[in-house]
Structures are given as structure tokens and as C-alpha cells.
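Here is a short report for a reader who is new to this structure. Keep the view at hand and follow each section in turn.

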Amino acid sequence: RVVRVYGPLRFVVEGPRRDTDAAKNVEAVVRVKVPEHMPFHSLRELLEKQYFGGEGKEVDNLFAISDLEKSFDVVRRDALLCGFRALSEEEEKEKHNVTGPPQASDFVDRARAFSRRVPVDDVAALKRWRKIVRGFAATRRGNVVPVQCFAAAVAAQEVLKAASGLYRPLHQIFLWDCDELLDLVSPTEETWDESKTDANAARGLVAALGPRAARVLASASIFLVGAGAIGCEHLKNLAAMGACTDASASLVVTDMDTIERSNLSRQLLFRDCDVGDFKSAAAQRAVHTLRPGVRIAAHAARVGEEEEVGDRPFAHGFWGMDPDRLVLTALDNVDARLYIDSKCVEHGLGMVDSGTLGARGNVQAVVPRHGESYGSSVDPPETAVPVCTLKHFPYKPEHAVEWGRDLFGGAFGTQVQRARGVKEVLVNGGPQAAVDMLWQRVGGDMDAALEVVADVAQDLAVDPTDQEEALAWAVDTARHHFQEEVQELIHKYPEDHEDEDGTPFWSGTRRFPQTL
């Protein structure tokens with residue numbers, strides 16, 4: 001029996017003393033997760049019976065924490081809930097048609113009729129309540145794509161939690177807003193010239209943030225470095241909002257990595273037919289499918305000091321071409337971030353850096369001459385080599401060493417553990433149990449499932465005690481990595497191959513490979 005827990009790796013159990021025979025027979029401690037029952041109520045029941053109908057009762061336990069400043073703001077919480085209730089009533093009356101809503105002042109009055117938790121005699125609180133509801137009323141017909149994506153991501157996450165039962169769900173009501181944007185936009189009375197923007201994309205944005213925000217996005221000059229998971233999200237959001245559609249606009253994206261099948265599950269712009277292509281080129285095609293008017297240019301060139309010479313796409317002159325350019329980084333290594341940050345500081349360009357590591361994420365907005373830059377704080381030194389460099393374009397001895405370590409770990413670590421797991425399920429549960437396990441691991445992707453089954457079948461067929469079979473496997477592995485893959489790369493990109501802008505493909509840190 002566990003008596004006390006100090007952390008995930010240290011705890012005290014009640015049992016036999018260490019010097020007894022019973023203690024010596026203990027081989028392992030198994031962690032057992034105890035199920036926890038969490039009751040939930042419907043939104044209608046929560047609002048009508050407890051929040052709006054339970055005047056004076058404590059309701060803090062109804063809300064999940066989303067913001068350490070806003071989540072405990074009773075006035076904001078009440079204003080948002082009253083706003084949603086007033087909007088629901090408005091939609092019911094107009095049969096879900098909000099094209100001709102009443103004025104914002106009328107909406108505020110109707111929302112105020114539902115409020116029971118902001119007293120009339122508290123002038124300061126009532127003034128702030130009205131300001132929040134007026135912002136709600138003014139933007140209720142609009143949509144801002146990144147906000148919609150955040151809401152959808154939270155909803156999808158909660159669905160996965162409910163389906164798997166593995167993680168603690170958000171309990172009851174989750175309120176989140178970013179109404180700080182409303183203090184930065186133009187008045188809604190400003191006229192909107194639809195000819196200046198992509199009308200279909202900008203209409204929702206104009207309703208939320210005003211015409212000026214739509215025009216700024218449509219005429220923006222943006223440089224996106226990286227077209228992986230975060231880069232795809234950036235491009236999808238920009239295209240959906242009608243960004244870079246004006247004649248004076250430009251959206252430049254670069255990524256030297258190519259698409260692998262494993263990328264398809266988390267990089268939403270890519271499909272099966274894109275496997276093997278450069279991410280930037282495939283992303284360009286996807287953006288034009290979403291929004292044909294986006295003025296996007298794709299490159300597969302590296303961004304770094306080695307690329308500043310000659311007529312490379314991102315030579316020194318590129319950074320000073322447009323003083324209003326915004327740089328978005330979606331990179332997988334610190335060195336590239338530091339280089340881009342130094343260029344943005346040198347030329348006074350704005351930068352938004354973002355990155356993920358497992359379930360964690362970070363974002364930093366760098367405004368020229370108005371705060372610290374990315375390089376102002378020092379991140380821990382990286383121990384890993386960027387994946388795209390490691391797999392396709394290594395140029396340092398340590399890249400080859402890291403590649404070898406990764407290959408060894410996969411062949412004698414991951415693959416062996418996977419084969420043992422499947423074999424154990426086959427023995428204990430039969431073929432159907434093994435199929436169900438593999439199907440669950442690949443998330444229902446048929447192509448990925450067939451690929452995994454073929455790999456596992458090959459691993460299970462190998463006899464590790466047969467020296468001739470082991471030698472044949474080693475020879476086949478060497479031929480695949482040092483001949484077949486290299487020949488395929490040379491066939492796709494010959495020694496005289498050039499990028500779309502006429503720059504030699506095999507230049508800078510890219511070195512033309514040789515087969516063994």
C-alpha cells in the first residue's frame with residue numbers, strides 16, 4: 001500500500017522490511033491509475049439553474065481556469081455569459097439570421113436584463129461590464145480565423161479526452177477571449193472598399209476588427225521560415241483571412257525539408273500525393289487551392305550566414321528590401337532562430353517566433369525598438385540536430401554521427417520493442433487483438449497501417465540467432481541507405497539542378513552526395 005508520494009519517481013510503500021526474505025522477492029512495482037468519476041451537467045442546466053437562477057450562490061467551481069488574470073474576473077465572466085445568452089435569444093427570434101441585428105446599445109440593454117451578479121450601485125464595475133458587452137455586440141457577426149482555430153482545437157482535445165478516458169477534462173465552463181484586439185482597431189463606422197481586399201475572405205474579419213485590419217492583412221509583406229506543422233497552420237490562417245492578396249503584397253515561404261508520410265498526420269496542407277516533394281512547394285499549391293489570390297512564392301533554400309553570399313534568395317540584400325515585412329518563424333532549431341532574430345533587429349523588422357516540444361508550446365512577438373528580441377534571452381544549448389538537416393542535407397561530421405545513432409536506436413530499440421509487443425499480444429490475445437492494437441496506434445490510417453504491418457511482419461520473421469540472416473539484413477540495410485536512397489535523391493535533383501529562382505540547388509551547405 002502506498003503511504004506517501006513525493007513525486008513521479010519517489011514514494012513510500014507499506015510492506016515488509018528490506019532485510020526480510022519477503023522484501024527480497026519483490027521484483028517490480030506496478031503503477032495502477034485509479035479511475036476518477038467526474039460528474040458533468042448540461043450547459044442549459046448550469047446557466048439557468050445555477051448561474052442565472054442561483055443569485056448569490058458561489059459559482060467559481062463552474063469555471064475552468066484559462067487566464068490567470070481574466071478567469072477570476074467576475075465582471076468579465078458575467079458580461080460574456082450575458083452576451084452569449086442575449087445572442088442566443090436574438091438568433092432564436094430571427095431564425096438564426098443575424099444579418100439585420102439591432103444596434104449595439106439595444107443589445108447591451110437586453111444582455112443587462114440577464115445580469116444578476118454586477119450590482120447597479122457599483123459604477124466602476126457596471127461601466128466595465130458595459131464596455132465588454134459593447135465589444136461583444138460589435139463583433140458578434142464577425143470571425144477571426146486564429147480564434148476559431150483555438151476554439152476548435154480545445155473542442156477536439158476535449159473529444160479525445162472523453163473518448164480515451166486518459167486525461168483530465170476541462171470541468172464545465174471554459175471562457176476565453178482576446179478582446180484586447182478591440183482597443184487597437186479602427187472604428188467600425190469606417191468605410192470598406194471591397195475592391196481592395198478578397199471580399200469573401202475579409203468579410204468576417206471586417207465585421208470583427210474593422211476594414212483597416214483587413215486592408216493591412218491584404219497588403220502585408222510576410223516572410224515565413226518553415227512549412228512544417230506550425231508553418232502549415234500559419235499559411236492556412238493567412239489564406240483564410242485573405243492575407244497577401246493585394247497587388248503590392250507578398251508571402252515568401254522557405255523550407256529545405258521534404259514531405260514524409262509521417263508528416264501527414266500533423267501537417268494539414270499535405271496529402272499522399274505530396275510525399276517526397278519539398279514542403280514549401282506543396283504548401284504553395286495548397287494555399288492557392290484555398291485562396292487562389294494569395295501572392296505566395298516558395299523556396300527550398302536555407303536561411304543562414306552561409307546563404308548571404310552571391311545571388312542566393314536570402315542573401316544580405318533580401319532583408320532590407322521591405323522595411324514593413326513581418327517575419328514568422330516555424331523552425332526546429334535555436335541557431336536559425338538566433339540568425340533570423342539578428343537580421344530582424346538589424347533591419348527593424350517585426351518577428352513572431354513560435355515552437356512546440358511535445359505537448360508544450362511557446363510564442364514570442366518581437367516589435368522593433370519596443371521590447372526585447374528573441375536573442376535577448378538565452379535558451380539552453382541544443383543537443384539535437386534539426387531533422388531536415390539530419391535526413392537529407394548533412395554537412396558536418398556530427399550530423400553523420402547523429403544520423404547513425406538515430407538509425408541504430410530505431411533498428412535495435414524501437415523496432416525490437418514494437419515487435420516484442422506485437423508478439424506478446426499475438427500469443428495472449430490472438431491475431432485480432434494484434435490487428436486492433438496496430439490499428440489504434442496509426443489512428444485508423446490504412447496506408448500507415450499496411451506499412452506498419454509489413455515492417456512488423458519482417459521484424460518477426462528475422463531469426464536473431466541466424467548469422468547468415470543477420471548478415472543479409474545488414475547488407476540490405478546498407479544498400480538501402482548508402483546506394484538506393486542516394487541514387488533516388490540524385491535522380492530527383494541532379495548535380496546541375498536549379499531552384500525556381502535559378503539558384504544552383506547544390507550550393508551553400510548542401511553537398512552533392514556520392515553513392516558507396
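## A helix residue to start with

F84 sits in helix α3. Helices here are DSSP runs of H or I with at least four residues, strands are runs of E with at least two, and both are numbered from the N terminus. F84 is partly exposed, because its relative accessible area is 46%. Buried means under 20% relative accessible area, exposed means over 50%, and partly exposed lies in between (1.4 Å probe, protein chains only). F84 and V133 are 49 residues apart in sequence, yet their C-alpha atoms are 9.6 Å apart in space.

## Basis of the model

This is a predicted model, in which local features need pLDDT of at least 70 and side-chain atom pairs count only at pLDDT 80 or more, while totals for chains, interfaces and linings use all residues. Residues are numbered from 1 along each chain as its sequence is written, and side-chain values use heavy atoms, with hydrogens and water left out.

## The whole chain

The protein chain holds 17 helices and 10 strands. It has 516 residues, and 37% of them count as buried. Its accessible surface is about 31,800 Å², with 55% belonging to carbon and sulfur atoms. These areas come from the Shrake-Rupley method with a 1.4 Å probe; for residues, only the protein chains shown count as cover.

A contact means heavy atoms within 4.5 Å. Among contacts in the protein chain with a separation of 6 or more, 60% join residues 24 or more positions apart.

## Two nonpolar cores

A nonpolar core is a set of buried Ala, Val, Leu, Ile, Met, Phe, Trp, Tyr and Cys residues joined through side-chain atoms within 4.5 Å. The largest one has 36 residues, and L235, C244, L251 and F270 have the most contacts inside it. Elements giving two or more residues to this core include α7 (199-209), β5 (221-225) and α10 (279-290). The largest share, five residues, comes from α7.

Another core lies apart from the largest one. This other core has 27 residues, including F63, L81, V108 and A111.

## A buried lysine

K70 lies in the loop between β3 (63-64) and α3 (74-93). K70 counts as buried because its relative accessibility is 12%. Its side chain makes a polar contact with the side chain of E180, at 2.6 Å. A polar contact is a pair of N or O atoms within 3.5 Å; within protein, one must be able to donate a hydrogen and the other to accept it, and residues adjacent in sequence count only if both atoms are side-chain atoms. Neighbours within four places in sequence aside, K70 is in contact with R76, D177, C178, D179 and E180.

## Two positive phi angles

Most residues other than glycine have a negative phi. Q172 is not a glycine, but has a positive phi of about 70°. Q172 lies in the loop between α6 (145-164) and β4 (173-174). Its relative accessibility is 18%, so Q172 counts as buried.

R369 also has a positive phi, near 65°, in a residue other than glycine. R369 is found in the loop between β10 (360-366) and α13 (387-391). With 70% relative accessibility, R369 counts as exposed.
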